[in-house]
Structures are given as structure tokens and as C-alpha cells.
Amino acid sequence: MEPKDNIEDVGEKVVYIRPVEAADLPEDVQEELSEQAPGLTRLFAVHNSDGERLALVRDRATAFILARENDLAPVTVH
């Protein structure tokens with residue numbers, strides 16, 4: 001088997017999962033968060049390979065489920 005030169009050749013889209021402190025989010029997102037999930041101080045962000053945030057979710061498990069349900073391959077980053 002020959003190694004692939006490009007990750008896209010593998011046939012999977014990789015997304016990156018990382019923890020995010022609520023205090024580090026933009027103010028409008030913090031306001032929405034305080035309305036929808038009061039007291040939540042840490043979320044998990046799902047990012048594409050360009051660094052664009054695709055989603056914010058309550059926990060790591062949900063981030064992985066969301067990625068897999070959308071035919072994406074989740075990878076944890078710090």
C-alpha cells in the first residue's frame with residue numbers, strides 16, 4: 001500500500017475537537033450560552049481543517065457523536 005499524499009485522498013474529512021472556556025468566547029455567544037445553558041463554563045468546539053468553528057457543544061462525547069453523524073473523522077487537539 002502506498003501512503004497518501006493528501007488527507008483528502010483517504011476519503012475522510014477530519015475535524016478537530018478542542019475544549020473552550022466560555023469566558024474566551026465572543027460576548028454575543030456568551031450571552032446566548034448563559035440563556036441556553038446557565039452555569040456552563042467549558043464547552044467543546046468542532047473545527048474544520050481551516051480552523052473555522054463549525055459547532056459548540058456541551059461535552060466531548062457529543063462533539064464526537066456530532067462529527068461522526070456528519071461523516072467526519074474527529075481528532076482531539078489541546
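1. How many bridges join S1 to S4, and do these strands run parallel or antiparallel? Five bridges join the two strands, which run parallel; strands here are DSSP runs of E of at least two residues, helices runs of H or I of at least four, numbered from the N terminus. Within this pairing, Val 14 has Ala 73 of S4 as its bridge partner.

2. The model is a predicted one, in which local features need pLDDT of at least 70 and side-chain atom pairs count only at pLDDT 80 or more, whereas totals for chains, interfaces and linings use all residues. Residues are numbered from 1 along each chain as its sequence is written, and side-chain values use heavy atoms, with hydrogens and water left out.

3. The open sheet has four strands in the order S3-S2-S1-S4, with mixed pairing (two strands pair if DSSP finds at least two bridges between them). S3 and S4 are the edge strands, each pairing on one side only, and the twist averages 30° from one strand to the next (axes are lines fitted to C-alpha atoms, for helices over the stretch in contact, and angles run from 0 to 180 degrees between N-to-C directions). H2 packs on this sheet, and its direction makes about 155° with that of S4.

4. In H2 (residues 60-69), Ala 63, Phe 64 and Ala 67 are buried, that is, under 20% relative accessible area with a 1.4 Å probe, protein chains only. They lie on the same side of H2 because they cover an arc of only 95° around the axis, taken from the directions from the helix axis to the C-beta atoms. The buried residues of H2 pack against S1 (13-21), S2 (42-47), S3 (53-57) and S4 (72-76), contact meaning heavy atoms within 4.5 Å.

5. Just after H2, Asp 71 takes a positive phi of about 55°.

Technical notes. Buried means under 20% relative accessible area, exposed over 50%, partly exposed in between (1.4 Å probe, protein chains only).
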